[in-house]
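Here is a short briefing on one protein. Look it over before you read on.

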Amino acid sequence: MSDPRISGIGMTSQRTRARMQERLRSQGITSEEVLAVMGSIPRHIFVDEALSSRAYEDTALPIGFGQTISNPYTVARMTEILFAEGALNKVLEVGTGCGYQSAVLSKMAKEVYSVERIAPLMAKARKHFHELRITNVRLKHTDGGMGLPEVAPFEGIIVTAAATHVPRELLQQLAPGGRLVIPVGAREQRLVLIEHTGTEYRETTLEAVKFVPLLGGVI
Ligand code: SAH
């Protein structure tokens, strides 16, 4: 990463990423793999240049079209929950946005599929993957509430927009042994983990989160 815009300087430098890692650790993130991956990905290239000095703060930031890049803690926590039982080959993300979470997943899973309903955001994400030479994320412009049946089953599914309920289609696309992490709720949202044991879906409700809503249709 010799391009200084990508590697960053000052508030976007490797030192800033190291400080973010330490903050995530103090907030309770324990997965060394997640911490290492988030320490290596230049988060600032996923936001507009005017916001890049704030990219490593513990906050969600606007990415256009009324959407946000999730705060670092939430990305770390959801990734840690998804991979808590070990490696996953094929993962689906619903809600690509600017692609930061997908970039994190790309370093941990063999193949990542990510779907987004807003075409210009998907185009931004594609540009970011190109800049970072990420080649194992496949993007599709579609309503992810239906999942991605043509590619299913997935060992992991992560939804990065809040659903009112767990879509049945996503459960059906989860491989036996697979894990689904999804924020559920409207004003008050909680992360929900669903583990497909092979015979049943085991549901665990976790901490409170704040996401933009999962919406239907594409634009
Ligand atoms: N994963 C992103 C979070 C982006 S915000 C990150 O790393 O920061 C959530 C995204 O979900 C938005 O871009 C929104 O357009 C998208 N979204 C909402 N409902 C969707 C749906 N039904 N299908 C696909 N994408 C959806």
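This is a predicted model: local features need pLDDT of at least 70, side-chain atom pairs count only at pLDDT 80 or more; totals for chains, interfaces and linings use all residues.

Residues are numbered from 1 along each chain as its sequence is written, and side-chain values use heavy atoms, with hydrogens and water left out.

**Overall build**
- The protein has seven helices and nine strands. Helices (H or I, at least four residues) and strands (E, at least two) are DSSP runs, numbered from the N terminus.
- Its radius of gyration, taken over C-alpha atoms, is 16 Å, close to the 17 Å that the globule rule gives for 219 residues, so the protein is as compact as a globular protein of that length. That rule is 2.2 Å times the number of residues to the power 0.38.
- The C-alpha trace spans about 50 × 35 × 35 Å along its principal axes.

- Strands S8 (residues 189-196) and S9 (residues 201-209) run antiparallel and are joined by seven bridges. Two strands pair if DSSP finds at least two bridges between them.
- Valine 192 has threonine 205 in S9 as its bridge partner.
- Four residues lie between the strands, and glycine 198 in this hairpin takes a positive phi near 115 degrees.

**Glutamine 67**
- Glutamine 67 sits in strand S2 (residues 67-69).
- Glutamine 67 counts as buried because its relative accessibility is 19%. Buried means under 20% relative accessible area, exposed over 50%, partly exposed in between (1.4 Å probe, protein chains only).
- The side chain of glutamine 67 reaches the backbone oxygen of phenylalanine 65 at 3.2 Å.

Key:
A polar contact is a pair of N or O atoms within 3.5 Å; within protein, one must be able to donate a hydrogen and the other to accept it, and residues adjacent in sequence count only if both atoms are side-chain atoms.
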